[in-house]
Amino acid sequence: MNKHSTEPALMSLTAVAKAIADKKFSSREVTQSCLNRIAEWQPRLNAFMAIEAESALAAAAAADADLAEGKSRGPLHGVPVAHKDMYYDTGKVVTCGSKIRKDFVATTTSTALQRLKDAGTVRSGSLQMVEFAYGPTGHNVHYGAVRNPWNVDHITGGSSSGSGSAVAARLTFAALGSDTGGSIRMPAHFCGVTGLKTTVGRVSRAGAMPLSQSLDTVGPLAQTVEDCALLTWLMAGADLEDLTASTRPVPDYMAATKGSLKGLKIGVPTAFYVDDLDAEVARVLDETIATLEREGAAIVKVELPDQRQLTAACQLVLATEAAAFHKRWLIERPQDYGAQVLMRLQNGLAIPAVSYLEAMRWRGPALAAYLAAVAGTDAVLAPVAPMPAPTIAESDVGNSIDAEAVIQRITKFTRPINYLGLPSLSIPTGFTGAGLPVGMQLIGRAFDEAMLVRIGAAFQRATDYHQRVPKLS
Amino acid sequence: MTKPGPKEVSAITATAGVPVDSEAAARIANSIGPAFDGFAAVAGTLPLDIEPASYLLVQTAEVSK
């Protein structure tokens, strides 16, 4: 008997969904398995904002009763999940990781969340996050830092800190995150899970807490690429509640995961993304390239336009839009923000409108230049961050004079992609000698998530990094 | 493009209706300065006929390689 048959929480999302559909496990057994792990791990990780054991078990029992009568709600029937605490869910408190919204009760349900509910998921609680999703480390002065299950002295990355931590520790089969400057890819990299930042407009943002209307994207974190493909397929598509959501047809991402790497060209940048890397990240990059080549992909060098300009433009856009969203509370309740988030929101107040609009106007030409540089390739491979997870202590920079510089260094490889609005898949690709995960991102063309999941799934068929599970010490 | 110093930050934030003290103004100037430096080569160079929505035309132009 393998371990999966005794502890269903360790299975992948797609595997457990099939196991429930095939009645190998009941939803209640699966949910209880997750709740058992949550009870063990939560005191160490602080990954959950709220644990809803009783209602989860009741919902699971109802799912089992439906299935006994031959009724399935969808491809995720009876699968327990928890999401970043910024997705509105009618009647539920949605804190957004903040003191300001600690008692905010949603009166709508986000489209992405509703589509996963319609597919049959069961809610097990809500997940911790950085205050208002504005920070890349996972610190939160109101609710405490979320901890990395591979080493609890290290950060998870943010802002989807609870999502990364909970998926890595197998407390939930998947979790919604959001990615405005790297907030899905960063925790995926630091925690050793798979995360898909979708193309701007691929998944509706209706009912998701806003940070930057030009950059915000909704996407999943899960154990495998296949899991992320299914979740994205379920969530993507047009939405009358968010007219910026694309009406472009949604491809069959699950089918795309079956493809091989033969005949594909993957670009590796000659500069910026390979500069100033931690030695272990550089090693993992080389090993990832070797694996992709061994599986049939051709690796080609690509010379990208100056990515530092993209990072700068991203900061101008993000800071300005975030400040505009928060202006009322910056006037009325500045004392209720954490010091770092307050500082970063205030940054946006000082950016002139013309500078913001120049950064917005340059987005098209910048994307055209990037696409020209990667012409002939199917995707670009790059590290998610220059380093593995720093410690919680060393990255606790608060609102110090150097805080923004520290934050910019952590996010330097993710922000250009947000500015360009492109999809990017973060996959676990190795470990450091100290046992910390290292991930790489595959960057695609707009709306070409199918190519990314094809490459990512092929990589995961050839490796086992995504299957490794941290041990409770 | 000239990056705002603490004095300019004080003036802009006050104009925005959210004034900050001198310490915060210095911190903000230090935080956003690199973004202005990084964008300096682009600022003031864009041709007339580009608007933010031009991005969507490029984004949706062609998915395949």
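Let's start inside helix α10 (residues 279-294) of chain A, where A:R283 and A:E287 sit four residues apart, about one turn of the helix. Helices here are DSSP runs of H or I with at least four residues, strands are E runs of at least two, and both are numbered from the N terminus. This is a predicted model, in which local features need pLDDT of at least 70 and side-chain atom pairs count only at pLDDT 80 or more, while totals for chains, interfaces and linings use all residues. Residues are numbered from 1 along each chain as its sequence is written, chains are lettered from A and ligands numbered from 1 in the order in which they are written, and side-chain values use heavy atoms, with hydrogens and water left out.

The side chains of A:R283 and A:E287 form a salt bridge at 3.1 Å, N to O; the term asks for a side-chain nitrogen of Lys or Arg within 4 Å of a carboxyl oxygen of Asp or Glu. Over all chains, a search of the whole structure finds 21 salt bridges.

How many salt bridges cross the interface of chain A and chain B? The rule finds zero there. The two chains bury about 3500 Å² between them, with 65% of it on carbon and sulfur atoms; buried area is the accessible area (1.4 Å probe) that two parts lose on being put together, summed over both. Chain A gives 45 residues to the contact and chain B gives 38 residues, where contact means heavy atoms within 4.5 Å.

Helix α11 (residues 307-332) of chain A and helix α2 (residues 22-39) of chain B have axes that come within 8 Å and cross at roughly 130°. Axes are lines fitted to C-alpha atoms, for helices over the stretch in contact, with angles from 0 to 180 degrees between N-to-C directions. α11(A) and α2(B) are therefore oblique to each other; angles under 35 degrees count as roughly parallel, over 145 as roughly antiparallel, 65 to 115 as roughly perpendicular and the rest as oblique. On the α11(A) side the contact includes A:A312 and A:L316, and on the α2(B) side it includes B:I32, B:F36 and B:F39. Ala, Val, Leu, Ile, Met, Phe, Trp, Tyr, Cys and Pro count as nonpolar, Asp, Glu, Lys and Arg as charged, and the others, Gly among them, as polar.

## Helix packing inside chain A

α11(A) also packs with helix α12 (residues 339-349) of chain A, at an angle of about 110° and with axes 7 Å apart. That makes α11(A) roughly perpendicular to α12(A). Among the residues that meet are A:H326 and A:L330 of α11(A) and A:L342 and A:L345 of α12(A). This contact of α11(A) with α12(A) holds seven nonpolar, three polar and no charged residues.

Helices α3 (residues 27-45) and α4 (residues 53-68) of chain A come within 8 Å, their axes crossing at roughly 160°, and are therefore roughly antiparallel to each other. Here the residues in contact divide into six nonpolar, three polar and two charged.

## Backbone details worth a look

Most residues other than glycine have a negative phi, and most peptide bonds are trans. A:N46, in the loop between α3 and β1 (48-51) of chain A, has a positive phi of about 60° although it is not a glycine. A:F272, in the loop between β7 (265-269) and α10 of chain A, likewise has a positive phi, of about 65°.

A cis peptide bond, with omega about 10°, joins A:G158 and A:S159. A:S159 lies in the loop between β3 (122-127) and α6 (161-168) of chain A.
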